[in-house]
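Me: I would be grateful for a close look at a single part of this model, followed by an account of how the rest is arranged.

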Amino acid sequence: SSSELKRYAEAIPYFDKALSLDSNKVNFHYFEYLIGLCYANENDFYRALAHYTKSLDADPRYSPTLNNIGALYYEQEGDIKTAIE
């Protein structure tokens, strides 16, 4: 897959397409998480955070998203306090 090859930017349009096809929004949180993950791996803190936030809006208890938001704040901002929250 593209993510295994670290081709994150190339993967984003495919996840966007999957989002548009998910008419019942069953996997909305997961696709937004994957897009956020791509942006995080491209070191785009703000876009990653925006998509992680959409993921949490859809499923506030989705633990991979919660974990990655914490990691994002810690790694990108050096903000351990926000990361723990």
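Reply: R7 has a relative accessible area of 37% and is partly exposed, the class between buried (under 20%) and exposed (over 50%), computed with a 1.4 Å probe on protein chains only. The model is predicted, so that local features need pLDDT of at least 70 and side-chain atom pairs count only at pLDDT 80 or more, while totals for chains, interfaces and linings use all residues. Residues are numbered from 1 along each chain as its sequence is written, and side-chain values use heavy atoms, without hydrogens and water.

The side chain of R7 joins that of E10 in a salt bridge, at 2.6 Å from N to O; the term requires a side-chain nitrogen of Lys or Arg within 4 Å of a carboxyl oxygen of Asp or Glu. E10 is likewise partly exposed, at 41% relative accessibility. The structure holds 2 salt bridges. R47 has a relative accessible area of 47% and is partly exposed.

The crossing of α3 and α4 is left-handed, that is, the near helix is turned anticlockwise from the far one by less than a right angle. In this contact (heavy atoms within 4.5 Å), the α3 residues include F45, L49 and Y52, and those of α4 include L66, I69 and L72. The contact comprises 10 nonpolar, 4 polar and 1 charged residues, where Ala, Val, Leu, Ile, Met, Phe, Trp, Tyr, Cys and Pro count as nonpolar, Asp, Glu, Lys and Arg as charged, and the others, Gly among them, as polar.

Helix α4 (residues 63-77) also meets helix α2 (residues 28-41), their axes coming within 11 Å and crossing at roughly 20°. This makes α2 roughly parallel to α4, and their crossing is left-handed. Y33, L37 and A40 of α2 touch P64, T65, N68 and L72 of α4. These residues divide into 5 nonpolar and 2 polar, with no charged ones.

Methods. Axes are lines fitted to C-alpha atoms, for helices over the stretch in contact, and angles run from 0 to 180 degrees between N-to-C directions. Helices (H or I, at least four residues) and strands (E, at least two) are DSSP runs, numbered from the N terminus. Angles under 35 degrees count as roughly parallel, over 145 as roughly antiparallel, 65 to 115 as roughly perpendicular and the rest as oblique.
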